[in-house]
Amino acid sequence: MDTEIKVTYRNPTEDDAKNIVDFYNLVGGETTYLSFEENEYPLNVKEVKELIINTNHQINSTILLALINGKIIGIGTVSSGNKVKSKHCGELGIVVTEKFQSIGIGKEIIYQLLTWAKSNGVTTKIQLDTRVDNKKAVKLYKKFGFKIEGKLENTTIIEGKYYDLYVMGLML
Ligand SMILES: CC(C)(COP(=O)(O)OP(=O)(O)OC[C@H]1O[C@@H](n2cnc3c(N)ncnc32)[C@H](O)[C@@H]1OP(=O)(O)O)[C@@H](O)C(=O)NCCC(=O)NCCS
């Protein structure tokens with residue numbers, strides 16, 4: 001990685017809510033690999049504030065921001081429910097803004113999320129889904145030991161073309 005670039009990683013506070021919404025709305029337009037388009041992020045600032053508060057109270061969910069000079073350039077999340085039978089499963093989400101991709105930030109976010117998950121005392125499985133043609137993401141997940149557990153066919157449509165999703169999972 002370029003030694004000039006200093007990336008910091010931390011959990012958000014309520015004050016980050018607007019920047020998080022702006023970031024997701026921006027990256028939604030940078031890539032077709034996210035489930036939402038530009039300005040289509042489903043939560044507003046108030047809802048993200050509530051999400052941050054709730055997440056901070058949950059043992060088995062987390063949000064991790066990657067920042068350069070205080071500006072969000074990547075976000076990783078692990079989201080889990082509270083049901084007895086499934087609270088051990090966390091759903092992983094990740095995005096790094098285009099300008100700072102392919103310099104190791106995604107790998108560091110996943111490493112930190114998995115390290116956190118292994119030590120929270122509840123999470124024993126991480127799962128995610130990713131487009132089959134998202135070669136970079138699939139390679140990244142496999143590098144951490146994720147296995148392809150199945151394929152959901154034709155679950156995404158872009159300009160009339162259907163795409164399949166891999167369901168991937170990792171036992172911790
Ligand atoms: C997928 C994503 C999170 C990866 O983050 P990143 O910071 O670009 O990835 P890293 O630089 O940490 O690279 C991690 C691994 O990805 C692979 N990779 C990175 N750049 C690559 C490239 N240009 N081509 C192919 N593989 C690549 C490599 O396996 C790399 O590991 P290595 O450096 O040990 O070989 C990021 O590209 C992204 O946000 N993409 C758009 C949104 C997205 O697809 N999110 C995931 C949805 S499931």
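This is a predicted model: local features need pLDDT of at least 70, side-chain atom pairs count only at pLDDT 80 or more; totals for chains, interfaces and linings use all residues.
Trainee: Okay, how many helices and strands are in the protein chain?

Mentor: You'll find four helices and seven strands. Those are DSSP runs numbered from the N terminus, with helices being H or I of at least four residues and strands being E of at least two.

Trainee: In what order do the elements run?

Mentor: Starting at the N terminus, it goes β-α-α-β-β-β-α-β-α-β-β.

Trainee: And what radius of gyration does the protein chain have?

Mentor: The chain has 16 Å, which agrees with the value near 16 Å that a compact globule of 172 residues would have. The radius is taken over C-alpha atoms, and the globule rule is 2.2 Å times the number of residues to the power 0.38. Along its principal axes, the C-alpha trace spans about 40 × 40 × 35 Å.

Trainee: What share of the residues is buried?

Mentor: Of the 172 residues, 40% count as buried. Buried means under 20% relative accessible area, exposed means over 50%, and partly exposed is in between, using a 1.4 Å probe and protein chains only.

Trainee: Switching topic: what does UniProt list for residues 7–172?

Mentor: An unreviewed UniProt entry lists that span as "domain: N-acetyltransferase". UniProt positions are given in the numbering used here, feature names are shortened, and annotations may be inferred rather than shown by experiment. In the model, the span is 29% helix and 35% strand, and its end C-alpha atoms lie 26 Å apart.

Trainee: Let's zoom in. Which residues of H1 are buried?

Mentor: Ala17, Ile20, Val21, Phe23, Tyr24, Asn25 and Val27. The buried residues of H1 pack against H2, E2, E3 and E4.

Trainee: Where is glycine 28 placed?

Mentor: Glycine 28 sits in the loop between helix H1 (17–27) and helix H2 (45–57).

Trainee: Is glycine 28 buried or exposed?

Mentor: Buried, because its relative accessible area is 4%. Beyond neighbours within four places in sequence, glycine 28 is in contact (heavy atoms within 4.5 Å) with Leu34, Phe36, Glu37 and Glu38. The C-alpha atoms of glycine 28 and glutamate 38 are separated by 4.2 Å, though the two residues are ten apart along the chain.

Trainee: Which strand holds leucine 65?

Mentor: Leucine 65 is in strand E2. Leucine 65 counts as buried because its relative accessible area is 0%. Leaving out neighbours within four places in sequence, its contacts include Pro12, Ile20 and Ile72. Proline 12 is 53 residues away along the chain, yet the C-alpha atoms of leucine 65 and proline 12 are separated by 6.6 Å.

Trainee: And where is methionine 168 found?

Mentor: In strand E7, residues 161–171. Methionine 168 is buried, with a relative accessible area of 0%. Past its neighbours within four places in sequence, methionine 168 is in contact with several residues, among them Ile126, Leu128 and Tyr141.

Trainee: You mentioned Leu128, so which strand does leucine 128 lie in?

Mentor: Strand E5, residues 125–131. Leucine 128 is buried too, at 2% relative accessible area. Setting aside neighbours within four places in sequence, the contacts of leucine 128 include Glu91, Leu92 and Met168.

Trainee: Last one: what's up with the phi of asparagine 69?

Mentor: Phi of asparagine 69 is near 50°, a positive value in a residue other than glycine. Asparagine 69 lies in the loop between strand E2 (62–68) and strand E3 (71–79), and at 79% relative accessibility it counts as exposed. Serine 102 has a positive phi as well, about 65°, although it is not a glycine. Serine 102 is in the loop between strand E4 (89–96) and helix H3 (105–119), and counts as exposed at 62% relative accessibility.

Methods. Residues are numbered from 1 along each chain as its sequence is written. Side-chain values use heavy atoms; hydrogens and water are left out.
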